[in-house]
Amino acid sequence: MKRLFLLIFLLLAARPGFALTFDEARHLLARTGFGSPSRFEIERLLQYSHDSAVEEIFGFVIARPFTQPLSDLDQPLPGRAERQTLNDAEKMDFRKDINERGLALKAWWWGEMLATDSPFTEHMVLFWHNHFTSSLQKVKWPGFLYRQNLLFRDHALGNFGDLLKEITHDPAMVLYLDSQANRKSRPNENFARELMELFTLGEGHFTERDVKEAARAFTGWNFDPRSGEVVFNARQHDPGIKQVLGQNVRTGEDVVRVLLEHPQTARHLVKKLWLEFVSPEPDEAELQRLATLLRDNNYEIRPLMKALLTLPAFWAPENKGSLVKSPVDIAVGSLRLLGIKNMDGKRLAHLGKALGQDLFDPPNVKGWPGGQAWITSTTLSRREQLLRRLARGRESDGADPGLGAGYNPLALDNPSAMPSLADLDREANPRSVATMKRLMLAIPPVDPVAETGISLRRAALQLFLDPAYQVK
Amino acid sequence: MTGSFSRRDLLALGLGAAGTALLPKIGRAAPAWDRTLVMIELNGGNDGLNTVIPYDDPLYAKLRPRLAIPRDKVIHLSHDLGLHPALAPLMPVWKEQELSILLGLGYPRPNRSHFRSIEIWETASDADKVAGEGWVADLLPEPRLPPAGSAQHPTHVLVLGNSSPGPFEGGNLAVVTLDRQGLGLKQTGMVGGGGQKNGQDHTKALDHVVATRALNLKAAHQIVPERLAQVKMQAGFPDGPFGSAMESAARLLLAGILPPVIKLSHGSFDTHANQAGTHEKLLGELAQGLAAFRQALLGKGLWDRVLVMTYSEFGRRAQENASHGTDHGTAAPHLLMGGKVRGGFFGAQPPLSQIADNDLILTSDFRSYYSMIAEQWWHVPGLPGFKPLSGPLAA
């Protein structure tokens, strides 16, 4: 009986034409964006059916950054000759300059996430950053990572095959995975291995020999420090025939083609997207169906994402609250929920690092493991600390009006009204607390929440500190 | 551990006695919780061949035309093996015979993926089997573990800084992660309520948050900054994340907090390119950190109650690459230190004349290393099928 009821519910929920409920709109935005959409964003979606709400979210996706990056961020790296003429003091300055640019780069992306009209774009770019990882720590020159970030924007909902081809010649990637040192006489396997293990097939679907042979095929694509570009150097390329996954290949492009032909590539990618957007426990049959869909669509990401976001499993009640919020969700999402858009990007970058997600500096080539690993005793207490400060209005530049800022996200009784700071210190009532729960949490709170005898601010603080706020 | 009985399952089924009867004597002594194992993970795969150096082997210089440490720079410990010069701070420990060097640790059919290989080390599985439970979680018999939350054992495992909790996962060990300063808990304890179920089915994600919070609240009563701040520490710890984590570990122990395990990390040792300088710096920090740690504990009589072990996902290729670096390899030596350690070399150095595909062949399985720690340090049964390495610890 319970199952039948669930089935009917799912059919109704997935059926196009029905307008989204408040909870559904919130869920869609929370999962595609940063975990805790503002009331304004939710209400904007209420007029749409499930299908057209997804289209609406896709419609906002933009290839160009929303905010203006620092103008000198993509300046070319000074040539080696130029750097060698520097004296010690100038070298110190150069290093300091690089560090400052690195922080500026991080601050720019955090700021972009906070300001954008399309959190979904940023979520996809972040997904690609975590898939095709590169780190500032190794690459050093921030301009290259900025360029890579623009590449992810160009292909955010584009074609995976194209992105894969581009990434093999991306300067940040070439420097990050030592393709730089991949020469005919002595191939370097780093890129070839991660290409198969992380970017396409996944562990267990290739042999050591495939790695060695693929590394040979990619020889010759080296970074040229003079131009700051990745160029093909025929003298360093091994032109012989190599065997990768049982097929004869010559070039890196051939290897990419063989990898795209392999069914495991689509399965690997689809599973990763499922874990990011749907639930921690993918359904094998659905994965297979989606992988086929991805291949049938020649690796176009948009139809795949549409299929993912309209899956019954995406909307299933038991999957609500099944994903742990990332540090980006906690930091950016909470600020967006509160309508605070003016926080300094550098401050955000430091916060993100403390919470375990230092953008442009993933812990290793596998990226952030995510899921439950986001929450350790340390990061949980840091999350609580940040949320406590936010609720108290103490987390911004100078005087921070906190919950009362701008459009009031918690405009509880009358959405069109903008309560002042003093309003938030007025007494809560059961109705206003119920509204806050629906806005702030994906699932009911774990701890009992007082509904009377406390201020609205105190009620918001309770919900922020409830374990349920940590999931989406 | 999926699909097979874990040691703990056997114990829980009352088969512990039968199990221990098959193993000699150990496991009958009461488990020892008055001591701490300090696990140091060398992230990224440490180059064993340039750590413990077969300086007398002509093949060494041949395989490492640019990276070989010159014979006269190597710290000679025996007629054929020596240490990287950056490890000089460990010489007093060696001379006191409190440093043992375990040679040629690895596992059959080595995997060269960082992630898979560290998972194998963390779960003590075979190369082709995936186990869900970390080896420490599997071996420490939680019914006999001291309850977490006391002054001495606020938790079973303390992870310092950004270090993987892999060896402790899957069981019921209380694992608390602190930042490198040994802090991170002062903010907890404000929220009331222990995370009771609110009439709803919790997702695993939510359960994890609730459990972590409960652990924080419990530990927060013990690991308070004031308690740590009272400890007077001498200088000598190296700058950098590793040095500060080692200093915090010493501070925690001196404050009377002795969890069964403290874990921290050092690295990255993933030296694919221009290895020499990076490796020297990392080894230097390692040696200085270890030496300072010993000094700090010696003064307070705690050195006998601590065992320090290193491990890493793999060593590196015997032959250097064309980028002045080394690629992912296989077997490597590891260090074991403490007041109860018997110093010296143990096991056999993998001969360079018998490398397979430019890789060293293991001479000891790392799981025998774990069994030794289980049986001779904690006095609990080791990993079935892996006889403890004999020598470094008195049984």
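Reply: Start with a term: a cavity is a set of grid points where a 1.4 Å probe fits but cannot get out. Also, this is a predicted model.

Me: OK, how many cavities of 30 Å³ or more are there in the whole structure?
Reply: A search of the whole structure gives seven. The largest cavity holds about 180 Å³ of space, and 19 residues line it. Closest to its centre are A:Leu29, A:Glu41, A:Arg44, A:Asp117 and A:Pro119.

Me: Which helix gives the most to that lining?
Reply: α3(A), with three residues. Helices of chain A that each supply at least two residues include α2 (22–32), α7 (119–131) and α19 (327–337).

Me: How do the lining residues divide into nonpolar, polar and charged?
Reply: Eight are nonpolar, six polar and five charged.

Me: New topic. Is strand β10 of chain B mostly covered or uncovered?
Reply: Mostly covered: six of its six residues, 332–337, are buried. B:Ala332, B:His334 and B:Leu336 point one way from β10(B), while B:Pro333, B:Leu335 and B:Met337 point the other way.

Me: Which strands are joined to it by bridges?
Reply: β5 (residues 99–106) of chain B is joined to β10(B) by five bridges, and β9 (residues 306–311) of chain B by two. Both pairings run antiparallel. B:Leu105 has B:Ala332 as its bridge partner, and B:Val308 stands opposite B:Met337.

Conventions: Residues are numbered from 1 along each chain as its sequence is written. Chains are lettered from A and ligands numbered from 1 in the order in which they are written. This is a predicted model: local features need pLDDT of at least 70, side-chain atom pairs count only at pLDDT 80 or more; totals for chains, interfaces and linings use all residues. Side-chain values use heavy atoms; hydrogens and water are left out. Buried means under 20% relative accessible area, exposed over 50%, partly exposed in between (1.4 Å probe, protein chains only). Helices (H or I, at least four residues) and strands (E, at least two) are DSSP runs, numbered from the N terminus. Two strands pair if DSSP finds at least two bridges between them. On a 1 Å grid over the protein atoms alone, a cavity is a set of points where a 1.4 Å probe fits but cannot get out, and a pocket is an open set with protein on both sides within 12 Å along at least five of seven lines; lining residues have an atom within 4 Å of a point. Grid points are joined across faces, edges and corners, and a volume is the space filled by probe spheres set on the points. Ala, Val, Leu, Ile, Met, Phe, Trp, Tyr, Cys and Pro count as nonpolar, Asp, Glu, Lys and Arg as charged, and the others, Gly among them, as polar.
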